[in-house]
Structures are given as C-alpha cells and as structure tokens.
Amino acid sequence: MTPATRPSDQAPELRAAARHVGRRRFLTVTGAAAALAFTVDLPTAGVAGAAELDARQLSDDPFTLGVASGDPLPGSVLLWTRLAPAPHQADGGLPARRVAVQWEVAADENFRRVLRRGTVTAHPEFNHAVHVEVRGLRENRVHHYRFKAGTWISRTGRTRTAPGRGSRVSALTLGLVSCQRYDQGHYTAYRHLAQDDVDIVFHLGDYLYEYAVDSSGGARSYPTGTVPDLYDHEMVTLEDYRLRYGLYKSDPDLAAAHAAHPFVVTWDDHETENNYADDVSENNDPVEQFLIRRAAAYRAYWENMPLRSPQLPDGPDLRLYRRLHWGRLAQFDVLDTRQYRSDQAYGDGWQYPGPESEDPARTLTGDTQERWLLDGWRRSRALWNVVPQQVTFSQRHNTTALPSKVSMDSWDGCPASRERVLAGAESSGIENLMVLTGDVHVHYAFDIKRDFTDQNSRTMGTEVVTTSISSGGNGSAKPSNWATSMAANPHMRFYNGLRGYATVELGRDLARIDFKTVPHVTTPGAPLTTAASFVTEVGDQGLKPA
C-alpha cells in the first residue's frame, strides 16, 4: 500500500470517530455500537426501531446475493441470505425498514416434504442480512432450503446436518478453498466445486480483499464501466465493506458453491486489512482509529457469512474460533490466527529468525485460544483432529543454505507458539492431526514433524495447504522457486502454483487428499484437473502418493 492510499488519508471520519473513543478497547456493547454508529451513521435506536416494509412492495428480486448455509450441528443447520435488490448500492436498494422473510427446510429439493418453516426479520441495521438457526432436524441428513420475501422466492440451497457426537461415521469429504481476489481472476474453481461431491466446504480466509477494483474488474477484463466506480478505492468504512461483499457475492460461481454445500468459514487478514496483527494495522495507524475500521470489517463479515449467533461481533471483537464435530470421526478446531496474534517480527516479510521472532512470549493464537485448543485436544475422542486455520504451520525455508529466511507472518514467525501447540498435541495423545491452511496462493502438502530441524523426528500429522481460487492470477504448476523450495524443505511433499481447490476424504483407515487445479483464471471456463493425490494412514502419519 502506498502512502497515498493509506486509510488515514482516505477516511477522515475514522479519525473523527476515534477522538470520541477514549479507551484502547470498546469495552461494552453500548460503547461499541455508539462508536460504530458515529462512524458510519448507523441508527442507534436498536434493531426494533425501524418501521416495517411490506415485502409485497418489492418490485425487484431481493435475492441477488444468493443463499448459504454453515456450521452444521447434529439436527441443526444455519441458513443465510441478504436482501439486496440493488447490491451495488450502499443500502442494497432497500429503505431503512424491516422486512419479513419466510424460510423453509425440506427433505427433498421439490419441497414436497417440508420439515421446518418460519419467518425471520431482515433488519436494516444489519444490512438486511438474516441468519436462521434451524433446529429439530434429523442428524446426518441432506436437506434443502429456500427463502421467500413478498412474491420473490430464492434459489434452492442444499445443506446437511452433522451426525451425533457419539455416532460411528465411516467417511466425510471436505472441500478446501481460500483467497478469492475478485480483480485477479474468475471464480472458475467454484463452479467445479459446486458440482463436486463434498459434504462441507472450509473457507480458510481472504474471502474478499480491501484493494480497489476498477471498472473493468481488473484481470477479468470486463468492458469498461461494468463494475461501478464506487469500488475503485480501498475499503475502510462499514459501507465500503458491505458494498464489497455485494460485489463478490454477486459472482454466479461463488453463489453456486454456497448453494451446493454448507460452508465453515474463518477469516485471514484481507477481510479487514493486509497483514494486520491484533490492533496493529499495516501502516501503524493509531490504535483507536484502526479498531473502528476493524469493528466495521468484523460487522460486515458477520452480516455476510453463514455464522451462528455466538459469532455476533461486539464492536471490534468477534470470537470466530469454535469447535465442530462429525460423530467420532472428526473434531474440527477452527482457529483465528489474526485477531489475537503478536505483531510480525522484524517488520514482517521474509526475514532471518532471531531473538525477536523467537521470543517465547510471541503467539499466533493468543493465550486464551491456545488453552482452548489444547484443552479440546485433551478431551477429544475423535479419530481425526483437524485444525482449519489461516497461515502456513509447517516450517518453510526459502533457501537450502542455513540460516534461511522464513515468513514472519506465518507460524515460522512465532516458533514458540508452534512448539507449544505441538507439545500440547503430543501430551494429549492425539495420533491423527491434520492442519488445513490457505493464505499463500499455492498448493502445499507437508508432513508435520515434531522437530523440523530433525527429519528423523516423529511425524505428528499432515498439513494440507490449498491454493487460491483467483488471487495471484493464473499462476504456474512449478513456480520459479519450486526446485529450491522442495530441496530446502524435505517435509514438503508437494508444491503447485496453479489456482483451484483441494478435497480431503477422511476415513476410518486413512485420509485421501486431492489437489485440484485450473490452468487459467483470467479467462473463464477452464477445465479442472487433479494435479496430485496423497494418502495418510490412521496411526501412521505421513503423506504417501495415492
């Protein structure tokens, strides 16, 4: 980011709002709401304050952003939509009035056997987003759902409930995605994923990017003027973030993937700002100012993701880390390595490790989340313990010479934090550890070593890093550093720099990982190829070609 585009230069309203926030944190819901309302001119009377709009008055389709579901539980699903007849307008094309939205869940896609139905209110204070937590469904079943507002009916979505905690489940297939910068390519991989046979999709961060999108959509090369000019600046305010979700979610391939599968989401940095760390912004803006921006970003994230009520933000804070189960087959500990982390050592980037990065007090997760993770492992009865998170967990050297530089934004930049996690996994006795990662716009497959400096040390588990959907443009199967990276990191079993996604099939005897790629994203319609496949066996961790 250049000095000319710093948020402090773009948004003087943030500085003005920050002067009204006298403390480092927003310590109460009231204070958070007041500060955010001051910043973005939100109504402060509360969600019950808006008058109601008769949905029959809606003259245009309000379901332009599609439907989604997420965080499946035994007998329960979370359904999402957001009303936006005009998604490229700040208000979505709706007045600041409440709208009643009906929903249905059925056993069949034709809705002949409706199992649950109800009505929910879309509030203007939440940009007319709705989150419906449907309970009382049968466990481990596929369900179909839809919404209705006035005479308009949404597309049909497909979701599923989780099996009961004690259920003996034989298999589960995951889709892994990350990093979908709109202006760097088409979402072709999502079109393929929508047709793939997966049970759940894990989105591992960078759902959207804060950077400007020009009127031709960047590398998408639309005719000039296709993308409205209001996207041609970095997003910093709540209105900015809401609009950007409107742009991204209007993509038909992304909408198709959301409609086809339930998503479990976690963020990385770009949903707020590049490489921020806790309350430290990329450009070291005043803390109070950045926290107002973070509050806006977190609120828009919750509004636009299929998240349950415990994830409702409190000002600039949102507890995104959470635990899901799939019978006794798998426990998923979804991490947040951005909100509580230490600032990147040595000014960020690739640097030589030293006393600053190796400080034992440094953390990627924060103390509370770390204890939560390790306590969860100690109580786990699952066969597979899976950790969906953001940045590369395994050691990565960029040269065969030692010492080698490492990424200060990844777990390499906080080795003491990684050591505590590995020690906790070891002491808890879990045998089948799998870490799921995004961020780096390439496919990697790693053996997780107990001691990365000793390749003869125990293999604790595997790390599956999925490439980007579009970020980075077309990429290449063997990037320029491919040979060096493979030689410098013997525990790296695979490296591919094309776009795509990965799938993981967890079974009772082994897990199979398939790395899928498309040859190009700057033009639509690319075919899908499986670039490589690996297995790792229960009780004998380590990646082997399938």
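**Group meeting: a walk through the model**

Okay, let's begin at Lys544, which comes out as partly exposed, with a relative accessible area of 31%. Before I go on, keep in mind that this is a predicted model. Lys544 itself sits in strand S25, which covers residues 540-545. What does Lys544 touch, once you leave aside its neighbours within four places in sequence? The contacts are Ser533, Phe534, Val535 and Glu537. If you want a distance for one of these, take Ser533: 11 residues away along the chain, with 8.6 Å between its C-alpha atom and that of Lys544.

As a reminder, most residues other than glycine have a negative phi, and most peptide bonds are trans. Here are some exceptions. Asp71 isn't a glycine, yet its phi is positive, about 45°. You'll find Asp71 in strand S2, residues 67-73, and Asp71 counts as buried because its relative accessibility is 2%, with the cut-off for buried being under 20%.

Then there's Asp206, again not a glycine, with a positive phi near 60°. Asp206 is in a loop, the one running between strand S11 (200-203) and helix H5 (238-249). Buried or exposed, for Asp206? Buried, at 1% relative accessibility.

The peptide-bond case is Leu402 to Pro403: that one is cis, with omega near 0°. Pro403 is in the loop that links strand S16 (384-388) with strand S17 (406-407).

On to helix packing. Two packed helices are described by the angle between their axes and the distance between the axes. For helix H8, residues 367-379, against helix H9, residues 415-428, those values are about 20° and 8 Å. The angle is under 35 degrees, so H8 is roughly parallel to H9. As for handedness, H8 and H9 cross in the right-handed sense. If you're clicking along, the H8 side of the contact is Glu370, Leu373, Leu374, Trp377 and Arg378, and on the H9 side they meet Ser417, Arg420, Val421, Gly424, Ala425 and Ser428. Sorted by type, the residues in the contact of H8 with H9 come to 5 nonpolar, 3 polar and 3 charged.

Now the other helix pair on my list, H4 (residues 188-195) and H6 (residues 252-260). Their axes come within 8 Å and cross at roughly 25°, so H4 and H6 are roughly parallel to each other too. The crossing of H4 and H6, though, is left-handed. From H4 you have Thr188, Tyr190, Arg191 and Ala194, meeting Pro252, Asp253, Leu254, Ala256, Ala257 and Ala260 from H6. That contact of H4 with H6 splits into 7 nonpolar residues, 1 polar and 2 charged.

Last topic, cysteines. How many disulfides does the count come to? It comes to 0.

Methods:
Residues numbered from 1 in each chain as written. Predicted model: local features only at pLDDT ≥ 70, side-chain atom pairs only at ≥ 80, totals over all residues. Heavy atoms only, no water. Helix = DSSP H or I, 4+ residues; strand = E, 2+ residues; numbered from the N terminus. Buried < 20%, exposed > 50% of the residue type's maximum accessible area, 1.4 Å probe, protein only. Contact = heavy atoms within 4.5 Å. Axes fitted to C-alpha atoms, helices over the stretch in contact; angles between N-to-C directions. Parallel < 35°, antiparallel > 145°, perpendicular 65-115°, else oblique. Left-handed = near helix turned anticlockwise from the far one by under 90°. Nonpolar A, V, L, I, M, F, W, Y, C, P; charged D, E, K, R; others polar. Disulfide = S-S within 2.5 Å.
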